[in-house]
Amino acid sequence: MKFLCEVLVRNQRIHYHTYNSLREICQDLNLTYYQVADISAKRRNKFDENKFKFAPKIIITKVRPNEGE
């Protein structure tokens, strides 16, 4: 299964990449597996609750076969 990861800061895209696993996202963004799993499952996470002006918005979505290549 593939995942599309997008990172936005103040609505400006700073990262947009397709990964083969959540673990690859962890390594690339230097996040824990639990953080990445929570973000991909749309659970509560510290990035959404942060009121800091430049806090990143991380969006992780599953990619269907033959999509996002």
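Visitor: Why is tyrosine 34 called exposed?

Guide: Happy to explain, and bear in mind that this is a predicted model. Exposed requires over 50% relative accessible area. Tyrosine 34 has 65%, so the residue is exposed.

Visitor: And why does tyrosine 33 count as partly exposed?

Guide: Its relative accessibility is 32%. Buried would need under 20%, and exposed over 50%, so tyrosine 33 falls in between.

Visitor: What makes the rings of tyrosine 33 and tyrosine 34 an edge-to-face pair?

Guide: Two rings pair if their centres lie within 6.5 Å, and here they are 6.3 Å apart.

Visitor: What about the rings of phenylalanine 52 and phenylalanine 54?

Guide: Their centres are 5.9 Å apart and their planes are at 70 degrees, so this pair is edge-to-face too. Phenylalanine 52 is exposed at 55%, while phenylalanine 54, at 41%, is partly exposed.

Visitor: How do you know that arginine 23 lies over the face of tyrosine 33?

Guide: The distance to the ring centre is 4.2 Å, and the limit is 6 Å, with the charge also within 35 degrees of the ring normal. Arginine 23 is itself an exposed residue of helix H1, on the face turned away from the buried side.

Visitor: Which residues of H1 are buried, and why are they said to line one face?

Guide: They are Leu22, Ile25 and Cys26.

Definitions and conventions
Residues numbered from 1 in each chain as written. Predicted model: local features only at pLDDT ≥ 70, side-chain atom pairs only at ≥ 80, totals over all residues. Heavy atoms only, no water. Buried < 20%, exposed > 50% of the residue type's maximum accessible area, 1.4 Å probe, protein only. Helix = DSSP H or I, 4+ residues; strand = E, 2+ residues; numbered from the N terminus. Phe/Tyr/Trp six-rings, centres within 6.5 Å; stacked < 30°, edge-to-face > 60°.
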